[in-house]
Structure formats: structure tokens, C-alpha cells
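Please read it alongside the sequence and coordinates shown below.

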Amino acid sequence: MAVEIIDLRSDTVTQPTPAMRQAMATAAVGDDVLGADPTTAELERLTAEVLGKEAAIFMPSGTMTNQVAVRLHCLPGDEFLCETDCHIYNHEQGAFAQLSGVVARPIGGQQGHLTLCQLEDLVRPDNDHMVRTRLVCLENTHNRGGGRVLPYEDVAAISRWARSTGIGIHLDGARLFNAVAATGIAAQDWSTLFDTVSICFSKGLGAPVGSALAGPAEWIKRARRHRKLFGGGMRQCGIIAAGALYALQHHRDRLAEDHANAQVLAAAIRSSPGLRLTYEDVETNILFFELTGGGRSAAEFTQALEEQGVLVLVESKHRMRALTHLDVSTEQVERAGRIIGSVAARWADSVPANS
Ligand SMILES: *Cc1c(COP(=O)(O)O)cnc(C)c1O
């Protein structure tokens with residue numbers, strides 16, 4: 001009998017739903033590079049409205065929206081401040097340097113969380129020896145911070161400071177709607193703290209492709225030039241924009257289900273021998289967990305899970321990552337939790353703990 005696969009590697013693994021595919025199949029399209037794709041235009045309008053910004057622009061990936069944002073804020077020889085574990089710094093090939101001649105200044109945070117007192121002395125003086133500090137980038141929720149929601153008041157304080165100091169502030173909001181679902185704070189109330197905001201439709205929202213960058217109309221007009229430069233001008237992209245539009249309209253409210261399912265998984269990991277949650281507070285849909293005993297590696301543990309149909313990602317020697325999403329039900333998460341528990345118990349019996 002074939003094992004049923006429960007894929008918890010990422011919230012990017014979802015399949016478009018039948019209704020989403022229907023919307024994509026029937027989308028009105030045109031050449032968007034010529035500004036003639038009505039579905040993309042509607043997605044951009046709704047994105048701007050939801051985020052309370054003047055305008056938004058659709059792009060193929062979150063990497064591109066972030067890198068276009070850096071490009072909007074910075075010139076060659078400029079620097080931006082960011083948290084050490086953020087996506088822009090770690091997972092985008094240093095594109096800010098490769099594409100825009102910009103340097104990053106990473107600052108270590110608590111699970112992705114920076115406070116104003118860590119930043120306020122870092123803006124460099126006007127001096128010919130130095131790069132110019134032009135921008136601060138924050139990430140919410142914070143992926144490598146275990147899906148942590150940044151505390152709103154701290155973000156607001158950083159925002160007030162950035163504005164009074166005259167530097168820009170960008171949000172990598174690939175999972176902003178998870179932060180909205182977890183806190184009840186509206187997307188507009190988060191995004192008003194930032195000049196530019198990136199969101200992903202292909203993470204928790206469950207669309208097959210796409211991200212958007214929102215901000216002032218004049219900036220988004222400039223972003224259109226940079227998107228073309230970076231190879232992101234798309235023709236009849238209404239086909240994929242329709243999936244993103246469907247996700248934005250229908251899948252925001254259901255993110256709370258993913259968060260509830262993450263709690264189910266967290267409880268299973270807490271009660272599994274030889275495992276612990278890396279970050280005890282699971283706030284959204286991301287969990288990091290690790291082996292507490294020595295001996296075996298995360299790679300071996302995930303292999304044993306995979307044999308039983310449960311897929312998770314290896315993060316480091318002893319650490320793994322699991323995410324809940326649209327394509328895993330509560331029942332499947334409960335089953336995954338039992339499988340994780342049974343593999344852990346088998347190991348606890350066979351491997352002498354040395355920690
Ligand atoms: C996934 C992700 C992105 C964008 O990734 P793409 O794969 O380029 O769409 C950006 N920031 C964060 C925090 C992410 O998790």
C-alpha cells in the first residue's frame with residue numbers, strides 16, 4: 001500500500017485549489033508589459049487597497065519584490081540595516097550586492113526581532129570614508145525566527161525613528177497575513193509603518209506563483225522600470241495573477257486554521273521523547289524542532305519520517321523545520337504528530353542519550 005505523503009516542508013508546496021484553477025483558466029488577459037492585463041491590474045489594485053498603499057506591482061517572486069525595494073531606496077555605495085537571519089540577507093544570493101551595488105549591515109536579533117536601541121546609533125555620519133545608511137528592512141512574520149510575529153509597538157518605534165532620521169523602511173511581508181491572523185492587527189496598520197511592503201501570494205495564501213510590492217504611486221512607477229531590468233516584465237501574466245487574486249480574496253481568513261494546526265504539531269513534538277521545540281512559543285505556521293540526544297542527525301531523523309510519508313526540512317545538524325498550510329488538514333497534522341512521536345520513541349529506546 002502506498003504511504004500517504006504529508007508534506008510539511010514549506011507553505012510553498014500547496015496545489016492550486018479547483019476554484020483557483022477555474023479562476024486562472026478563465027482570467028481575462030493582455031500584455032502586461034504594455035499595461036494591458038486587466039487581471040493583473042485588478043490584483044495590483046486590490047493589493048494596494050488591502051495594504052492601504054497608493055499602488056502595488058505584481059512580480060514573479062518575493063526575492064524580486066525585496067530586491068526591487070532595496071533598489072528603490074538605495075544607490076550603489078549605500079547600505080541597509082537588517083536582522084542577521086532575515087531572508088533578504090541569507091536567501092537571496094546577496095542580490096542587493098550583485099544587482100544594485102548595495103551593502104547590508106546585519107544585526108543579531110532575538111528570533112528575528114530587533115529593537116530600536118539596537119539600531120539608533122547605526123546610521124553613519126555624512127563622511128567620505130563611509131557608505132551611506134539609507135534603509136532598514138524588517139521581516140514579519142520572521143521565517144528563521146520560527147514564524148515569530150514582531151511586536152507591533154517595537155516596529156512602530158523603529159518606524160518613527162526611521163522617518164525622523166530620514167532613512168527608508170521596508171517590510172519583507174512574505175507572511176504578513178500570518179501576522180495579521182495571529183494578532184488581529186489589520187494589514188493596513190502594519191503596512192502604514194513602512195514605506196514599501198512586499199507580500200507573497202505563494203506562501204500561506206496558497207497561490208502557485210507571485211508576490212507584490214506596494215508603496216507610493218511614484219515609487220511603484222519606478223519599481224516598474226527596475227522589474228523590467230531584473231527580467232520580471234511578464235506578458236499575459238493575468239493567468240497567474242488570477243491565482244494570486246483568488247488567494248488574496250479567499251485565503252487570508254483561513255490562515256488561523258494553519259496556526260491551530262501548528263499548535264497540534266507543537267503539542268506532539270513537546271510530548272515526543274528526544275525532541276524539543278527550538279522556540280517554545282509557536283505563534284504562526286512555522287515550527288523548528290531539534291533532537292536533544294547526541295548520536296543521530298536531523299538528516300537521519302527526517303529520512304525515517306519520510307519512510308512513513310512525513311516530509312520536513314533539515315535546517316542544520318540537529319534541527320528541522322515543519323510548516324502547516326492549506327494542503328494539510330488537522331487530521332493529517334495529527335497523524336504526522338503521531339508518526340513523529342513514534343519515530344522519536346523508537347529512537348529514544350535504541351540510542352543512548354548523551355545530553
Ligand atoms: C519565501 C520568502 C521570500 C520570497 O521568496 P521567493 O521564493 O523568492 O518568492 C521572501 N521573504 C521571506 C521571509 C520568505 O519566507
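The model is predicted. A polar side-chain atom of Lys203 lies 2.9 Å from an oxygen atom of the ligand. Taken alone, the ligand exposes 380 Å², of which the protein buries 83%.

**Ligand site**

- The residues around the ligand are Ser61, Gly62, Thr63, Asn66, His87, Glu92, Glu139, Asn143, Asp172, Ala174, Arg175 and Lys203.
- By class, this shell divides into one nonpolar, six polar and five charged residues.
- Helix α3 (residues 62–73) supplies the largest share of the shell, with three residues.
- Asp172 has a side-chain N or O atom 2.6 Å from a nitrogen atom of the ligand.
- For Asn143, a side-chain N or O atom is 3.1 Å from an oxygen atom of the ligand.

**Second largest pocket**

- The second largest pocket holds about 160 Å³ of space.
- Its lining consists of Ser10, Thr12, His87, His91, Asn143, Arg144, Arg175, Lys203, Glu315 and Arg321.
- The lining has no nonpolar residues, and divides into five polar and five charged ones.

**Open sheet**

- Four strands, in the order β9-β10-β13-β12, form an open sheet with antiparallel pairing.
- The edges are β9 (275–277) and β12 (313–314); each has a single partner strand, so one side of each is left without a neighbour in the sheet.
- The partner of β9 is strand β10 (residues 286–291), and the two pair in the antiparallel sense over three bridges.
- Leu275 has Leu291 in β10 as its bridge partner.

**Backbone geometry**

- Most residues other than glycine have a negative phi, and most peptide bonds are trans.
- The peptide bond from Asn140 to Thr141 is cis, with omega near -5 degrees.
- Thr141 sits in the loop between β5 (132–139) and α7 (152–165).
- Gln93, a residue other than glycine, has a positive phi, near 55 degrees.
- The loop that holds Gln93 runs between α4 (87–90) and α5 (95–100).

Notes. Residues numbered from 1 in each chain as written. Predicted model: local features only at pLDDT ≥ 70, side-chain atom pairs only at ≥ 80, totals over all residues. Heavy atoms only, no water. Near = heavy atom within 4 Å. Polar contact = N/O pair within 3.5 Å; in protein donor to acceptor, adjacent residues only side chain to side chain. Areas by Shrake-Rupley, 256 points an atom, 1.4 Å probe, with all protein chains shown as cover. Nonpolar A, V, L, I, M, F, W, Y, C, P; charged D, E, K, R; others polar. 1 Å grid on protein atoms, 1.4 Å probe; cavity = no way out; pocket = protein on both sides within 12 Å on 5 of 7 lines; lining within 4 Å. Points joined across faces, edges and corners; volume = space filled by probe spheres on them. Pairing = 2+ DSSP bridges.
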